[in-house]
Amino acid sequence: MSNDLIEQSVHGYRRGHEWLAGSFQLRGKDKEVVTSLSDLSGLPLRDEIPPYLTSYPLPNATHYAIARTWLDYEAPREGCVLTHTLFVPMWMWRQGISARAVFDLFIQPRRNNLSVYENPAALIDSSFLPNKESTLNPRAHRVQVFARKFFAEGRRPLVWLDSPNPDEMLIDLLEFVWPSLRADFSACTHALKMRFIQDNPFRIVFAPAAALSRFSDLEAGNIIRESPQAADDPRFEPLDDLIARSLALGRSAPEVEGFKESLPADPTALLKIAVLDGLKKQADKNPASSVAAMDVLAVLIPAESAGIERKREAAQYAIDRALKERPQSQLKLIGAILNRLSRPAFRRLKPMRANLLKLGSAVVAADPEIGLQILLRAKTRSTALVLIVATGLADCKFIITNLLNKLEQTAPDLIDEMLRYKPSLARRYSEEFSIAQNSREMSETALLWMKRALPSRRTSISNQLADSPILATDPRLFEAVIAVAGRSASEKAIRAVLSSGQLDHFQPEMWSALTAAAPHYSSVFLDYVSSAGFNNVKIAEIWARVVEPSVQTVELVLDLQTLPEDVRKEVVVLLLSRQDILEQMPYVRQCHVLKMIDILLNGSSVHRALWQQAVRVTLSYVESGIFGDGLPGNPVKWAAAEDLDRSTLSVLVHNILESVVRAIIRNLILEGTAHIWLEWRPVQHALRFSAPSDIAELWRNECLLSKYGPSQRDMGERVWMLLCLLGPTLVLRQDRALSSVIDAAFHDFRAHWSDSNTAKWLDLIKMSRAASYSGDLTLLDAQSVQVALSHPYMNLCALLEISFPAVYSATVSGRLTLIELFYFYVDWDKGKELRRSLIRAFVNSDWPPRAIALIADDAGILDKITSRLSRTGHTLYLTRVIGDLETCGTIRSGGLAKRMRRQERRAEDWD
């Protein structure tokens, strides 16, 4: 569509009121609105209805519609109309296309000639149109009433009754209004009822007086009618004058012309322009008028990027006018101007705001009482004025401590407001700490400020207080600052406290606060110790908590000659309580490791819990071989270990046991020394009353097995020697502890078994019997019988000789408490299975044949064994047994041989 072509359409009656012809068709909401508004404006009051105009924007805002409606005398029914609608592109309409030129395009439709509307209408250049004088006489009473209701009060809708020439008035109005209002303007010159665009009433409708009852729902103030001449209202004289001058010029007056591109679609903007002009004239006498002019300007030009130069001029004029007043009035005006400059409309004048803040704060800095009095007397405090006063107090060269303390008592809310906009005021207050008489009161006041502040402002206040020496006087204030300040500010706060020169006078709460902050700001503490050294035991402790984990750190502490021993002990304890330090322990030299162990076990620390933890974790990380190679000759050296808690002592005992085992296996310790360590009370208590350590795992260590693999026999003998050392204690437990260890030792070293191992096993059985209540039967007896009968190829016959008789006796007598752990019998003869197992083992072994006879005789079953050997086909073995007994040469052996020969000839089925 070219710039000089206007789309058009005709609506009328066909099958109802609808579109009849046009250069384009509308859709959606636009179609509904145009179809509705092109119909008759209401029920006719008489037969004749004059042609009338309707103008309105389309809902999608792409076009502005201007229509003329005629009665359709050719329609098949009465009350029908034909409406010619022109659609002006909105961009063209806002640019100020002549409304009269558009109205001149109207052609009364004829039903027999609708084809002329199928093409766009060509717009006539307005320069060729004759000039017509405006029909709006600004001095006419009803025109003045309309202007005041529309442009001053902003009433909508307005109903103008019996206007003499409404079409011309509408054209003149459309030529007069500014672009945004023109694009939103809606009017009808012959409305028989109220007209709407999507539930929004038209701005103005012209109606006959006879239709007044159809507007009864409107207020009387929305209706313009003939009335007696009203008295002139001086308040509206600037508006009447502005309209008169604009109509006389045939365009907007210069005052309006400068604003028209930025004015909103609000008719009252015209009144504001008139008021603005009046305020400028009054500003010479009343400086507040220049500030009010800025308010009006912000309403007229709300966009921050529009009218920047005009806004700058208005602001500068207001500033210049304010500076001519006395200080108190000057400060009030500056605050009001700064408040306006902070609004969105003046946002682009940031440099001017900064300069104005300097001017205002300079007034307060010269006399702080002026600003405070203004704020205290004000019913509502201006944000800008609060900022000015706070900035002036912060820059003031006078002492303001007493002033702020008094203000805290009388108006704490004012203090909070000033800190909200000027957190540096807290810094200015704290800078007077050195001359204040009551530092405690100052720190408590600062704490109150922080507690009352919002979180974001609390952070700002903390950042300002960060490097103030007042922090060293109150740990609560220090903690509050550290909790919310930024990282850089928190580091400043810690440096300020450490360099305050009051370390020796700090309260415990201050040390607690510094200790809590140390992990997060370790570099600050490390730098301080690097420059000042360990000048305080608490500083040394904090350093130990945050120093970088390394072997060099540990060795430095141990070797530093200038470090007092009490400080060294605490530092070592704290270092060894750190996991990252302990991970470096395997790389620390042997001599340093032993020194640390001595420090830990020769005395506890003031940090008892950390000392316990340090011992426990150290023992778990340090290789147990360090004890194996370096155990002292007597455990008295570690007497303080008995003060350890149960779990830590358990770890220590485990390490000692592991060290003893390794030392025995490596042949690095004498049996007597090992006995001393195993008799140490904590070890004895652990072996006897605690859950037994997995001693078997101590000798199953892979490196040991690899190292001693070629000499398993020697290793086995040393393990059995260890069991004999542990035996006197383990037998007192009356549980399976000893039998479990024996079982593990047997299975680990049975491939390299020796007679000495069997002898040590026999010693353990004797120890167990000595410690039992019965004195003749223990769990070790049952275990040894089971193992010996299951391994006839091994030299375990001696175990049967000492244990079988007792086990058999307990079995047949019904004392199954211990024995049934290994056997379960269902036969009425409870000893039968033992007798069978005994024969089976001897027949398949290399044990001395006579031993079965000796064992059977001790158990009282010689006859049964003899009969069973004879009856079950083992006569040859029976002969060997008898022969072995006869060659033995002892009286008992000979007697047993004779008994067996007699029994051989009379075998029993129940043996």
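Which residues of the largest nonpolar core touch the most other members?

A: The model is a predicted one. Within its largest nonpolar core, which holds 262 residues, Met418 and Trp699 touch the most other members. The greatest contribution to this core comes from helix 32, spanning residues 646-665, which supplies 10 residues.

The surroundings of Met418 can be listed in detail. Leaving aside residues up to four places away in sequence, Met418 touches Leu372, Val386, Val389, Ala390, Leu393, Leu407 and Leu425. In soluble globular proteins, nonpolar side chains tend to be buried together.

Of its 911 residues, 52% are buried. Considering contacts between residues at least 6 apart in sequence, 69% join residues at least 24 apart. The accessible surface of the protein chain is about 42,400 Å², and carbon and sulfur atoms account for 50% of that surface.

Cys724 counts as buried because its relative accessibility is 18%, under the 20% cut-off. Cys797 has a relative accessibility of 4% and therefore also counts as buried. As for cysteine pairing, the count of disulfides comes to 0, the criterion being sulfur atoms within 2.5 Å.

Conventions:
Residues are numbered from 1 along each chain as its sequence is written. This is a predicted model: local features need pLDDT of at least 70, side-chain atom pairs count only at pLDDT 80 or more; totals for chains, interfaces and linings use all residues. Side-chain values use heavy atoms; hydrogens and water are left out. A nonpolar core is a set of buried Ala, Val, Leu, Ile, Met, Phe, Trp, Tyr and Cys residues joined through side-chain atoms within 4.5 Å. Buried means under 20% relative accessible area, exposed over 50%, partly exposed in between (1.4 Å probe, protein chains only). Helices (H or I, at least four residues) and strands (E, at least two) are DSSP runs, numbered from the N terminus. Contact means heavy atoms within 4.5 Å. Accessible areas come from the Shrake-Rupley method with a 1.4 Å probe; for residues, only the protein chains shown count as cover.
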